[in-house]
Every structure is written in structure tokens, then in C-alpha cells.
2 protein chains.
Amino acid sequence: MFEGAELGHKVSKQAFETGLPELRTRLVLAQQALRNSHVPVIIIIAGVDGAGKGGLVNRLTEWMDPRGLQVHAYWDESDEERERPRSWRFWRTLPYRGSIGMLFGAWYNEPLALCLSEQASESAVESAMKLINDFECMLCEDKALILKFWFHLSKEDQKSRLKSLAKDPRSHWRMAPEAQKAYKHYDRFVRIAERVIRETDTEFAPWHLVEAADHRFRDLTVGRILVQAIESHLAVEKSLPVIPFSCTQPPKNSTARETLLDRVDLQRILAKKEYKEQLVSYQEQINKLAWMAYKSKRAIIFVFEGWDASGKGGAIRRMTQAIDARLYRVIPVSAPTDEERAHHYLWRFWRHIPRAGKIAVFDRSWYGRVLVERVESFASENEWQRAYFQINEFEEQLVQHGIVLCKFWLHISPDEQLKRFRAREKIPYKQYKITEEDWRNRDRWDDYESAVNEMVTRTSTEFSKWTLVSANDKRNARIEVLKTVCKRLETVLS
Amino acid sequence: MFEGAELGHKVSKQAFETGLPELRTRLVLAQQALRNSHVPVIIIIAGVDGAGKGGLVNRLTEWMDPRGLQVHAYWDESDEERERPRSWRFWRTLPYRGSIGMLFGAWYNEPLALCLSEQASESAVESAMKLINDFECMLCEDKALILKFWFHLSKEDQKSRLKSLAKDPRSHWRMAPEAQKAYKHYDRFVRIAERVIRETDTEFAPWHLVEAADHRFRDLTVGRILVQAIESHLAVEKSLPVIPFSCTQPPKNSTARETLLDRVDLQRILAKKEYKEQLVSYQEQINKLAWMAYKSKRAIIFVFEGWDASGKGGAIRRMTQAIDARLYRVIPVSAPTDEERAHHYLWRFWRHIPRAGKIAVFDRSWYGRVLVERVESFASENEWQRAYFQINEFEEQLVQHGIVLCKFWLHISPDEQLKRFRAREKIPYKQYKITEEDWRNRDRWDDYESAVNEMVTRTSTEFSKWTLVSANDKRNARIEVLKTVCKRLETVLS
């Protein structure tokens with residue numbers, strides 16, 4: 001694979017300086033056009049040791065407008081990062097729309113290290129690759145332009161390069177004597193790199209192999225690929241071909257008349273006395289379980305979705321009442337801020353993933369994408385269709401990291417909703433809860449109902465199931481929630 | 001001081017429930033009004049162990065609209081926090097305008113621990129208190145409403161409370177046997193608390209002592225103080241009395257004709273040959289020094305200010321060229337995002353304070369407050385006048401934490417600027433750098449000049465001096481910058 005990057009390409013100083021002004025002009029103009037677009041540009045810089053990745057990044061930084069240009073290296077993982085799923089550190093450094101992020105190694109450092117470790121199982125390697133492809137696919141579907149550069153040196157070139165770097169007083173290689181010996185593992189490293197590149201070289205996020213022996217050739221080549229890619233990406237941005245939805249097809253809506261929601265028995269009620277007894281008992285358990293989770297460093301995420309006025313807030317409060325206020329955080333989800341809008345829609349939820357031992361309670365969540373955004377056409381059909389897959393992947397990452405995830409849909413009948421809307425209008429400190437929008441949503445009950453059914457069907461996975469709560473009776477709903485939470489935490493923590 | 005909080009106040013269950021609806025209605029309405037204001041509300045929850053601080057916060061959370069309500073506890077410092085100045089963790093959790101943040105202990109945990117440690121020197125304690133008062137003063141000047149609650153229990157009450165908590169299966173006190181003995185240090189703790197409260201009980205951020213023996217009295221009292229405070233703060237928000245600027249008065253503008261800027265010798269030039277030689281030599285040093293700083297975990301912050309077209313970008317690039325791209329980040333400062341606008345103006349800079357061993361290069365900075373915001377009247381006179389003091393405090397915190405701070409003003413003459421504007425218009429990849437705004441700013445040269453002079457005078461402190469760079473000759477400017485950086489880093493790191 002790498003033969004094409006060992007051709008001995010060179011650019012003379014003169015040719016370099018002649019070509020530069022035009023390239024810089026195009027780069028700056030491309031950046032300007034980019035700034036007015038919805039496209040984030042992700043540049044991944046990888047390759048063999050000694051290929052001058054740092055030098056290349058410095059060069060690009062010099063050529064371009066520093067506004068909207070960010071560089072990230074991922075060498076020292078912080079404890080805040082270690083306590084979250086692996087991709088959290090990438091999410092927090094993704095460039096915003098209209099800007100360019102140059103990422104050293106990014107999500108490729110890990111599969112490379114994994115392959116090098118020898119102990120990694122074949123399936124671990126494969127799932128790492130799949131995760132990367134899915135992640136990049138998701139970003140591209142969200143208009144991102146991903147450019148992956150692999151810088152190559154022949155074995156001989158690497159050896160001599162590392163030797164001279166080791167002597168250069170301006171080089172950090174002097175500080176890392178073991179890295180100076182990287183050429184000893186050259187063959188193995190290149191073989192592994194070849195595999196990683198091959199398996200992650202996709203149509204939407206292709207790799208570019210760049211011969212790095214001559215730094216002027218290297219820098220000019222990257223500059224030209226970059227400017228060309230931005231120009232053509234922007235030219236077609238609005239008419240971007242819809243990426244065919246290649247992920248495993250989900251089950252189609254069942255043709256049976258009865259839906260999952262229909263099966264929720266809305267008649268269940270709970271008498272006041274029983275309610276009070278059970279409330280106290282479950283709250284005691286939850287308090288203990290929350291402290292146990294804290295001690296065993298398990299984070300917990302609760303997702304509450306449900307009809308307007310289905311009692312989400314009340315159910316959440318009955319639960320959080322029992323938990324030490326220092327342990328949990330309630331995240332009410334409403335309109336995104338402009339920083340949130342400038343990223344993939346999942347970004348704003350990744351922000352709130354709790355640290356080890358802490359609890360996040362989402363009052364509405366990422367499911368807005370396949371509920372309100374779908375029904376109100378804030379998201380295109382392609383966007384919300386893809387969201388099922390993206391959400392499942394997202395939740396799988398949370399669960400695989402050891403986070404306990406509980407999802408509730410609070411179900412009520414249209415009649416019950418009407419009764420509650422009217423009641424809310426009468427209680428002064430509840431009036432704020434009922435708005436014009438609630439009445440509008442109510443008119444679209446059927447649309448929401450099929451969206452909910454599809455959501456529950458397509459995002460009830462083996463690692464993350466929905467709990468449909470019978471919520472016509474508030475007492476019943478609250479106890480069902482508390483009971484489920486207790487059961488779940490007991491299973492997980494024992 | 002605490003006698004008034006040992007009066008045995010009680011509220012019966014019936015009285016509590018009768019008073020509640022009105023209180024809740026007022027709270028929710030106050031929150032609504034708050035949402036449309038520029039006021040962030042900071043509630044600090046502190047007091048003796050066992051007073052039920054967690055319970056109180058849960059109660060307030062129940063009563064209010066969870067939107068725009070955040071709770072923060074500060075028990076486990078992360079390494080990302082440890083690597084920055086102490087107040088970084090508070091800055092990142094400050095509530096945004098229109099919202100309420102309930103902070104457990106917040107910046108009071110530390111002075112309390114300091115006093116309890118016995119080893120703390122008197123001056124350390126005093127400077128901790130002063131820092132708090134200055135910090136709170138600054139937030140209040142920025143419209144914040146700060147409410148500080150101290151929950152008190154008599155010695156006897158605490159003892160019995162801790163005992164029963166230790167038995168309560170719902171209490172985390174069971175997990176912390178040593179905390180159950182807190183009453184053994186009661187007298188000492190209360191004496192120390194009294195001092196901390198007394199010295200931080202200011203007109204703009206007063207303490208409220210609350211008797212905590214009866215939880216209904218405690219919760220109602222806090223609820224009422226809170227709603228009352230928000231209501232009256234909002235009522236006068238627009239006509240808020242300007243807090244007299246009480247901090248040490250800075251030197252008035254000197255009456256002498258000659259200013260600091262005048263003293264910059266703009267005639268200095270550097271021949272091409274000398275420039276090239278020195279460039280290479282300084283860049284080698286800087287590369288080494290940057291790695292040394294990394295190894296010794298010292299963060300570095302560079303601030304570049306200067307006239308439009310004074311060559312900031314070029315000087316920055318000559319420096320960053322020499323530094324490994326993984327070590328530094330350039331932060332070009334332009335218009336704030338809406339999340340940034342929703343906080344104190346320094347918040348957006350605190351965000352970018354680098355971790356240990358890393359470098360941040362600010363291309364324009366917090367000095368915008370006393371330059372463009374002053375001249376263009378984006379900030380009121382009171383705001384920019386206060387900013388000198390706030391900036392000095394901010395920088396002092398950075399330096400005290402061990403961060404190396406270098407500030408440059410690149411000085412050119414109006415004629416030189418005109419020449420450069422015209423030249424920029426002719427080079428295609430530089431045209432983007434020159435805008436209508438630059439021409440407008442140029443018309444106000446004199447206003448900017450006095451703003452710069454005042455800035456340099458008032459923010460050249462013993463811990464953070466300005467370097468005025470003679471920049472009519474670009475080569476001279478770049479070498480002056482590099483030389484200063486080398487000298488500075490050598491002094492600090494050797």
C-alpha cells in the first residue's frame with residue numbers, strides 16, 4: 001500500500017515559493033466561505049514517527065487565518081476524561097461548524113496501540129474499527145468534511161530522520177530516547193497501519209497517503225488536498241448526495257394494529273395509603289443505592305420522556321428527593337444555545353455525561369430528535385431516520401463504559417392530558433408549565449403517537465430498554481418509576 | 001453571633017402547608033422574571049455538619065422550575081482543576097444570566113479548611129478572605145445577586161442530629177463514621193465560622209444566618225429570603241446603585257505630556273541578515289524552553305495586543321513556528337458566543353486557561369474591555385474603570401498559580417499603519433485582514449492612544465509587566481518579542 005508514498009517526490013525551494021501565494025490565497029478564501037457554511041472540517045494527522053506531523057500542522061497554521069482554526073493533541077488523558085466513555089474527549093474537541101480542527105491522531109491512536117499491543121483479540125480490533133467508521137459516518141452525515149492524512153517514510157528515511165532529530169537541539173525527540181528507536185518496529189508498525197488504514201478508508205472519510213520525506217512536498221501536497229476538498233465540499237454542500245443509510249435496517253413498523261403504547265394498561269391506580277408506604281420504602285432504597293453507586297464509581301443516567309403533562313417533573317422529584325443533592329444533576333432540555341447548535345445534535349448531551357459515581361437526570365433528552373424534531377419537521381426525514389442508529393450507538397457506548405442507563409416513557413391518555421392542562425391553568429404556580437405550544441402539540445397527538453411507537457421499537461436494545469410507565473394515575477406512575485430504578489440499580493450494583 | 005440562630009424557631013406542619021402555595025407561586029414568578037433579566041443568582045449553602053444543607057437544596061429544587069436551576073458540589077477536585085488556579089473550578093460552574101446556581105460551600109470550603117488546619121499563617125487567611133470579597137464584589141458589579149446562607153445548630157442539637165443521621169438508613173452519614181463525630185470540634189468550628197462570616201459579610205453579598213434545628217422553619221426561611229431578594233434585586237436592576245469603586249485608587253493619568261507610548265522608539269530597525277540569524281537562534285531557544293516548561297509543568301500564557309496591522313499575527317507565528325504544535329494553542333479573540341455573553345466578561349478567558357505544561361497564545365485578550373469596549377462605548381465607564389482592578393486580580397491569580405504570563409503591545413505610528421492597510425489591500429491572501437472596521441478604528445487613533453496609555457499604566461504590575469514593542473519595523477518587532485520570551489522563560493525556568 002505504501003509504495004506510492006516512497007517515490008522520492010521533491011519540491012525545490014523555488015518551486016515551493018512560486019506555488020505558495022496562490023495556495024495561500026485559495027486557502028484563505030476557502031476558509032472565508034467555510035465560515036458562512038454549516039460544515040465543520042476535521043483534519044486527522046497521523047503517520048510514522050519522524051514524519052514531521054507537528055511541522056506540517058505549524059505550517060498549515062501559518063498559512064491560514066487563525067480564527068476558526070483549532071489544534072488538539074490527545075496525549076495526556078485527564079481523570080475527567082477517564083471517567084467517561086472513550087469518545088467523550090473527542091466530542092469535547094470537535095470543531096464547530098464553519099471552523100477547522102486539526103487533530104493529532106484523534107481516534108486512531110487507540111486502535112493503533114491496540115493492534116501493537118499483541119494481546120488484543122481480533123474482535124476487539126474489529127469493533128474498534130467499526131466504531132470509528134460509524135462515528136465518522138455520523139459526522140459526515142451531519143455535513144462534516146473529514147480529511148485523514150497518513151504521513152509515510154521509508155524504513156531508511158525514518159531511521160536517518162530519527163537520528164538527525166535526536167541531535168537537533170530544537171527537537172523534542174531529544175527528550176524521548178525510546179522514541180528515537182521507533183524504526184526498530186518499523187515493519188510491524190507499517191503492517192498494522194496498513195490494516196487500520198484499509199479498514200477505515202471509507203468513501204465519506206478517505207485516507208490520503210502522503211510521502212513525507214521532503215517537507216516542502218509534504219506541506220504543499222496537504223495544502224492542495226485540503227483546499228481542493230473544502231472547495232468541492234462547499235460547492236455541493238447544499239446538494240450533498242444523501243448518504244445511503246447503510247447501517248443495519250431496523251424493523252419496519254409492525255403491521256399489527258396493536259402498538260407497544262396500546263399495551264400499556266392505563267387503568268392501573270394506586271391508593272393513597274399504599275402509595276405513601278411504598279414511596280417511603282423505595283426512597284430509602286434509592287438513597288442507599290445512589291450512595292452505593294457513588295462508592296463503586298458507577299455513573300447513572302436517567303432519561304425521562306413522556307407526553308406533555310404526563311408528570312415527568314413530579315416523578316423526577318419523587319426520585320431526586322431521595323438522593324443527596326450533591327450527587328445528582330437535573331438537566332432540563334429545551335432550546336440549544338448557539339454553541340450547541342454549532343455541533344452535531346448529540347454534542348449537547350455528551351457535555352452532560354456525568355463523572356464516575358454521579359447521576360444525571362435528563363428531563364427530555366436526545367430523543368427529541370425522533371419526537372418533536374421529527375413531528376415538527378425541524379429535522380429532515382433522513383436526519384431522524386439516522387438518529388435511531390446514532391442513539392443506539394451512543395447509548396451502547398455509555399453502557400459499555402459502565403454507566404447505568406434507565407429510560408422512561410410516561411404514558412397517559414388524551415383525556416387525562418386535557419384534564420391536567422385545565423387543572424394547571426388554575427394553580428398559580430403551575431401556570432407557567434402550560435403554554436400555547438402544549439395545546440399545539442396536543443392537536444398532533446396521532447403523529448406523536450406513531451413517533452413514540454417507532455422510537456420505543458427501534459431504541460429498545462439489549463443494553464438499554466425503555467420502561468413504559470402507566471401514568472394516568474400519578475401515584476402509580478411515580479411508584480412504577482421508583483420500583484424500576486430500585487430493581488435496576490440493585491441488579492447492577494450487587 | 002449565632003445566638004440569634006438558637007431561638008428554637010419552629011413551624012408546624014399545618015402552618016408550613018398553608019404558607020407554601022403562596023411562596024411557591026412567588027418563587028416561580030420570580031424565576032420567570034429572572035429569566036428575562038441579565039442577573040445570575042448565586043446561592044451559597046454552608047453551615048455546620050448535620051444542618052440539612054442537602055435537604056434544603058432538594059426542597060428548593062422541588063419548589064422551583066428546574067429550568068435555569070443548577071446545583072454544584074465541590075468535593076472531588078479533578079486534575080484538570082488542580083492544574084489551574086483555584087478559582088477556575090468556580091468560574092466553570094458559575095450560573096449564567098437569568099439562572100440560579102446553588103453552590104455547596106463554593107469558595108468558602110477552602111478558607112474554612114485553612115482556618116481549621118491550624119498551620120495556616122494569619123496573612124494566608126487574610127488574603128483568602130480578601131480574594132473572596134474581591135471576587136464577590138466583581139460578580140455583583142456585573143449584576144449578580146449573591147445570597148449566602150449559613151445553617152446553624154446549637155451544640156446539643158448537632159450532637160443529637162448527627163446521632164440520628166448515623167442511624168438513618170437514608171443518610172450518607174452512615175458511610176462516613178468520622179463525620180459523625182463532627183460535634184467534638186463544634187466549639188472550634190463555630191469560632192472559625194464566625195470569623196469567616198464576619199470578614200466576608202459585605203453589603204453587596206451579605207450572609208444570612210438560618211436556624212436549622214427545625215427543617216420546616218429552615219426551608220421556609222430560605223425560600224422567603226430568596227424570593228424577596230430576587231424580587232427586589234430585579235425591581236432595581238436597571239437603576240442599581242453604582243457600587244462605589246472602593247478598590248485602591250489607581251494613579252491618575254500623569255499630567256506630563258510624554259506618555260509611555262511616546263517613549264517607544266519607533267526608529268529601531270533590524271537588517272535582514274541580522275534578523276535571520278537571530279530568528280534561528282531565538283527559535284531554537286524557544287523550542288527548548290517550551291519543552292522545559294512542559295516537563296516542569298509550568299503553563300505559559302502570551303497576550304498579544306497592538307494596533308490594527310501592527311503585525312501581531314506575524315509575531316505570533318514566528319514564535320509558534322518554533323514550538324511543537326502539540327504544546328500550544330492560539331486563541332484569536334473576536335465576538336463572544338451567546339454562552340460567553342451570558343457570563344462575566346472574564347469567563348470566556350478563564351475557559352482557555354491552559355493545563356499544566358501547555359501554552360495559550362491570546363491574539364487580543366481580556367484587554368479588549370479597556371480598549372475597544374471602552375472607546376466604542378460597548379462597556380460603560382464604570383465597567384471599564386473597574387476592569388483594571390479585575391484584570392490585575394485575574395493576572396495575579398494566574399501568576400500565583402505558577403503560570404508564566406507575557407504581555408505585548410505592538411506599537412506602530414499612524415503613517416506606518418496606513419502604509420500597511422494599503423499594502424494588505426493589494427495582496428489577495430491578506431485582503432481578508434482589512435475591513436471597514438479597521439478604517440473606522442483608525443479614525444479614532446487618539447482615543448485608542450489614551451486608552452492604551454492608561455491600560456499600560458494601570459495594568460503593569462509587579463507580577464505582570466507589559467512589553468512595549470517597537471513595531472514600525474516588522475523584523476525588529478518579531479525579534480524583540482522572541483528575545484523577551486526567551487529571557488522571561490529562562491529566568492522563570494532556571
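How many residues of chain B are in contact with chain A? In this predicted model, 47 residues of chain B contact 48 residues of chain A; a contact is a pair of residues whose C-beta atoms, placed from the backbone, lie within 7 Å. Residues are numbered from 1 along each chain as its sequence is written, and chains are lettered from A and ligands numbered from 1 in the order in which they are written. Local features need pLDDT of at least 70 and side-chain atom pairs count only at pLDDT 80 or more, while totals for chains, interfaces and linings use all residues.

The side of chain B that touches chain A draws at least two residues from each of several elements, including helix H1 (13-35), helix H10 (272-295) and strand S7 (328-332) of chain B. Helices (H or I, at least four residues) and strands (E, at least two) are DSSP runs, numbered from the N terminus. By class, this side of chain B has 17 nonpolar, 14 polar and 16 charged residues. Ala, Val, Leu, Ile, Met, Phe, Trp, Tyr, Cys and Pro count as nonpolar; Asp, Glu, Lys and Arg count as charged; the others, Gly among them, count as polar.

Chain A holds an open sheet of 5 strands in the order S2-S3-S1-S4-S5, with parallel pairing. Strands S2 (69-72) and S5 (207-211) of chain A stand at the edges with a single partner strand each, so one side of each lacks a neighbour in the sheet. Neighbouring strands are turned by 20° against each other on average, direction ignored. S2(A) pairs with strand S3 (residues 100-104) of chain A over 4 bridges, in the parallel sense. Pairing requires at least two bridges found by DSSP. Leu69(A) has Ile100(A) in S3(A) as its bridge partner. Helix H2 (residues 53-63) of chain A packs on the sheet and touches S1, S2, S3 and S4 of chain A. The direction of H2(A) makes about 150° with that of S1(A). Axes are lines fitted to C-alpha atoms, for helices over the stretch in contact, and angles run from 0 to 180 degrees between N-to-C directions.

Helices H1 (residues 13-35) and H9 (residues 215-236) of chain A pack at about 30°, their axes 9 Å apart. The residues of this contact comprise 10 nonpolar, 2 polar and 4 charged. Among them are Phe16(A) and Leu23(A) of H1(A), and Leu220(A) and Val227(A) of H9(A).

Chain A averages a pLDDT of 90, and 94% of the residues score at least 70. pLDDT is the predictor's confidence in each residue, from 0 to 100. Over residues 244-254 of chain A the pLDDT is below 50. The model scores ipTM 0.86 and pTM 0.89.

Note on methods: Contact = placed C-beta atoms within 7 Å.
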